[in-house]
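Hi,

Here is the structure I promised to pass on. Have a look at it first, and then read on for what turned up.

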Amino acid sequence: MTQSKFTDHLGRPIIAVTGMGVITSLGQGLKDNWAALTAGVSGIHAIKRFPTDGLSTRISGTVDFIDVPAENSVERSYAFARATTEEALAQAGLSGDFNGPLFLAAPPIEPEWSDRFALADRAPASERPGDAYDRFMAVLRNKADPVFHEAMLFGAISERLADRFGTRGLPVTLSTACASGATAIQLGVEAIRQGRTTRALTVATDGSVSAEALIRFSLLSALSTQNDPPEKASKPFSKDRDGFVIAEGAATLVLESLESAIARGARVLGIMKGCGEKADLFHRTRSSPDGGPAIATIRAALSDAGLAESGIGYINAHGTSTPENDKMEYGAMSAVFGEALASIPVSSNKSMIGHTLTAAGAVEAVFSLQTILTGTLPPTINYTNADPAIVLDVVPNVKRDAKVTAVLSNSFGFGGQNASLVMTAEPA
C-alpha cells in the first residue's frame with residue numbers, strides 16, 4: 001500500500017498521542033507521578049480504608065486522596081477517570097465536546113458488602129430458603145436507592161464520562177482483566193485506523209480495592225504477604241518475590257491521527273505504533289507455563305508496528321512480582337528477543353505503584369511514553385536478591401538515562417487475556 005508521512009507500513013493512519021493524564025498511589029497528575037517513579041519512591045502503604053485484622057495481606061496502593069460522594073468502586077473509579085481525562089484533554093489543548101468515541105477499561109462491578117448488609121437489614125424477614133433476591137427487590141421497589149443502583153451498573157462510569165466530555169456515539173466499556181487498559185488503547189487505535197474517527201479518548205480506571213477483593217486474590221495465593229515494611233513488598237523478578245500488591249489508579253490517553261494532530265498544531269507526545277493481543281485457554285487465572293500466548297502477543301505487536309526485535313530499546317514489563325507470572329514473562333521475552341534480551345533494559349513500574357489491575361496497561365503506556373520523551377528509564381526497586389533463573393537488566397533500584405525511541409509494554413491478564421503495545425517517538 002502507498003505510504004506517506006501520515007501513514008504506516010501498511011498504509012494505515014499513524015496514531016499520535018497528544019494528551020496524557022495519570023493517577024496512582026504516588027499522587028495525582030503526570031508531573032508528580034513521574035518525579036516519584038523515577039526517584040524510586042513507593043506508593044504502597046498499610047490499608048486504612050477498611051479493617052484488615054485477620055487478613056494475610058494488609059497493604060495496598062490505594063488512592064485515598066480523591067474525594068468521592070459514596071464509598072464504592074464505581075464512584076472511586078469514576079472520580080479517577082474524570083481527573084485523568086481532564087488532565088489529558090488540557091495537555092492535548094482540547095476543550096468543549098470531544099466529538100470522538102470513548103473506550104473505557106473499568107473493573108467488574110459488584111456492590112460493596114457494607115451496602116449488601118444495609119440492604120439486607122431493610123429486607124422483610126422470611127423463613128423461606130432461596131428468596132433473598134426477591135426480598136432485596138421488594139426493598140428497592142418500596143424505596144428506590146439511586147446510589148446503590150448506580151454502584152451496580154457496569155456502564156455507569158462510561159456514560160457519565162461521555163456526558164461530561166461530549167464524546168460521540170455509544171461509549172464502550174470493557175474488562176479484560178489486567179490487559180484491560182491496553183485493550184482500551186487498542187480499540188482506540190483500530191477506530192482511527194479504520195477511518196471511523198480522527199480522534200479517540202481511551203481511559204482505564206480501577207478504584208476497586210476492598211476487603212472482598214483482598215480476600216479473593218489471597219485465596220488464589222496471588223498477593224504478597226510481606227506486609228512490613230509495605231514499600232518493600234513488591235519486588236518483580238527478585239528471587240524472594242511472593243505475590244503482587246493490589247493497587248488503584250487511572251490513566252487517559254488522547255489518540256489522534258498524526259495528520260489531524262499536526263493540522264491543528266498539537267504537540268505530539270509519541271506514536272502508538274503497534275498493538276498485539278492473543279487469548280490463552282490454559283486456565284481461568286494462570287498463564288500457560290510455556291509462555292506460548294505471551295510470545296505470540298509480543299510478536300503480534302512487533303509485526304503490527306512494522307518493527308524487528310532489534311528496534312525495541314526498552315521494555316516496560318508486566319512484572320507483577322508473582323513467582324509464576326514473572327517467570328513466564330521472562331521466558332516469553334527470551335523466546336522473542338533471544339540473547340539480545342540481556343542488553344535490553346526491562347523494568348517494572350509495579351515495584352512502586354503496585355498492580356493497578358484494570359488500569360495497569362494504560363498507566364504503564366503513559367509511563368512508557370514518558371520514558372521516550374524524557375530519556376529516563378524508571379527503575380525496578382526492591383531488587384536486592386536476584387533470581388538466577390531470570391537474567392535481566394531490570395534497571396535495579398536507580399533510574400538510568402538512556403535515549404529510547406521504541407518501547408514495548410506488556411500486559412498479561414487473568415483468564416488468558418494478553419496484550420502488548422509498541423510506542424515510538426514522533427517521526428522526523
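A word on terms before the details: a residue is called buried under 20% relative accessible area, exposed over 50%, and partly exposed in between, with a 1.4 Å probe and protein chains only. Please keep in mind that this is a predicted model, in which local features need pLDDT of at least 70 and side-chain atom pairs count only at pLDDT 80 or more, while totals for chains, interfaces and linings use all residues. Residues are numbered from 1 along each chain as its sequence is written, and side-chain values use heavy atoms, with hydrogens and water left out.

Salt bridges first. The structure holds 15 of them, a salt bridge being a side-chain nitrogen of Lys or Arg within 4 Å of a carboxyl oxygen of Asp or Glu.

Helices (H or I, at least four residues) and strands (E, at least two) are DSSP runs, numbered from the N terminus.

Glu-248 and Arg-76 form another salt bridge, with the closest N and O atoms 3.7 Å apart. Glu-248 sits in the loop between helix H8 (211-219) and strand S8 (249-257), and Arg-76 in helix H2 (residues 73-92), 172 residues away. Glu-248 is buried at 0% relative accessibility, and Arg-76 is buried at 4%. Both belong to a salt-bridge network that also includes Arg-49, Asp-64 and Glu-71.

Now for a helix pair. H1 (residues 30-38) packs against H13 (residues 360-374) at an angle of about 75°, with the axes 11 Å apart. Axes are lines fitted to C-alpha atoms, for helices over the stretch in contact, and angles run from 0 to 180 degrees between N-to-C directions. H1 is therefore roughly perpendicular to H13 (65 to 115 degrees). Leu-30, Asn-33, Trp-34 and Leu-37 of H1 make the contact with Val-366, Phe-367, Gln-370, Thr-371 and Thr-374 of H13, where contact means heavy atoms within 4.5 Å.

Enjoy exploring it!

Best wishes

Notes. Angles under 35 degrees count as roughly parallel, over 145 as roughly antiparallel, 65 to 115 as roughly perpendicular and the rest as oblique.
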